[in-house]
Amino acid sequence: MSDTYIRLIPTDRDWQPDRSTAASVAAHVAALLSGPGDAVERVEDRFYDRVTLIDAGMYTTRITCPRCGGEISMEWLGDVVNSNGGLSFDHLDVTVPCCRAAVQLDSLHYENPIGFARFEISAMNPTRSADELDAGELGQVSDLLGHPVAQIIAHY
């Protein structure tokens, strides 16, 4: 069985809310996704000790270099994650294979958004007419959280 997620992360990869705010905002997101005729399987807040790759699963399909515009293979990203020992990073510095430039992983251009964060709110298998939160809903979440958020749609 496959799963789809709406993943909300702070725009500052190191920022984290306090735990009570996180729980309150996760409940708000669950309510947004559970309106008449809508449902969501699970909504949870997650804290990470280190900056963590918040990927888009099968939607992560194309990466290009911010310096030269060259295509970067998904295998290269997989190798970076594997050589790092997992999805959490102490630093995001990499040398891209296309032009050998030193860049940050979060500066690469990902065709479908991914992110890096120490906190996320994850909604599993939302069912509603819109596949993602709209700008107004994202604004509400940002206001309640006390920090701007980015949205990543993931499928596994």
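Strand pairing, a loop and aromatic rings

A: Ile63 has Ile72, in strand 4, as its bridge partner. Strands here are DSSP runs of E, at least two residues long, numbered from the N terminus. The model is predicted: local features need pLDDT of at least 70, side-chain atom pairs count only at pLDDT 80 or more, and totals for chains, interfaces and linings use all residues. Residues are numbered from 1 along each chain as its sequence is written, and side-chain values use heavy atoms, with hydrogens and water left out.

Strand 3 and strand 4 pair in the antiparallel sense, over two bridges. Two strands pair if DSSP finds at least two bridges between them. In general, strands of a sheet pair through backbone hydrogen bonds, either parallel or antiparallel. The open sheet here has three strands in the order 4-3-8, with antiparallel pairing. Strand 4 (71–72) and strand 8 (109–110) stand at the edges, each with a single partner strand, so one side of each has no neighbour in the sheet.

Now step to the loop. Tyr59 lies between strand 2 (42–54) and strand 3 (63–64). Tyr59 has a relative accessible area of 34%. Neighbours within four places in sequence aside, Tyr59 is in contact with Asn112, Ile153, Ala154 and His155; contact means heavy atoms within 4.5 Å. Tyr59 and Tyr110 are 51 residues apart along the chain, and their C-alpha atoms are separated by 9.9 Å.

Next, the rings. The whole structure holds three aromatic pairs. Tyr5 and Tyr156 form one that is edge-to-face, at 5.7 Å centre to centre and 70° between the planes. This pair links distant parts of the chain: Tyr5 is in strand 1 (4–10), Tyr156 in the segment after strand 10 (149–155), 151 residues apart. Rings of Phe, Tyr and Trp (its six-membered ring) pair if their centres lie within 6.5 Å; planes under 30 degrees apart count as stacked, over 60 as edge-to-face, the rest as tilted. Tyr5 counts as buried, at 13% relative accessibility. Tyr156 is partly exposed, at 36%.

Phe47 and Phe119 form a tilted pair, at 5.0 Å centre to centre and 55° between the planes. Phe47 is in strand 2 and Phe119 in strand 9 (115–124), 72 residues apart. Phe119 counts as buried, at 0% relative accessibility. Arg19 lies over the face of Phe47, at 4.0 Å from the ring centre. A charge sits over a ring if NZ of Lys or CZ of Arg is within 6 Å of the ring centre and within 35 degrees of the ring normal.

How values were computed: Helix = DSSP H or I, 4+ residues; strand = E, 2+ residues; numbered from the N terminus. Buried < 20%, exposed > 50% of the residue type's maximum accessible area, 1.4 Å probe, protein only.
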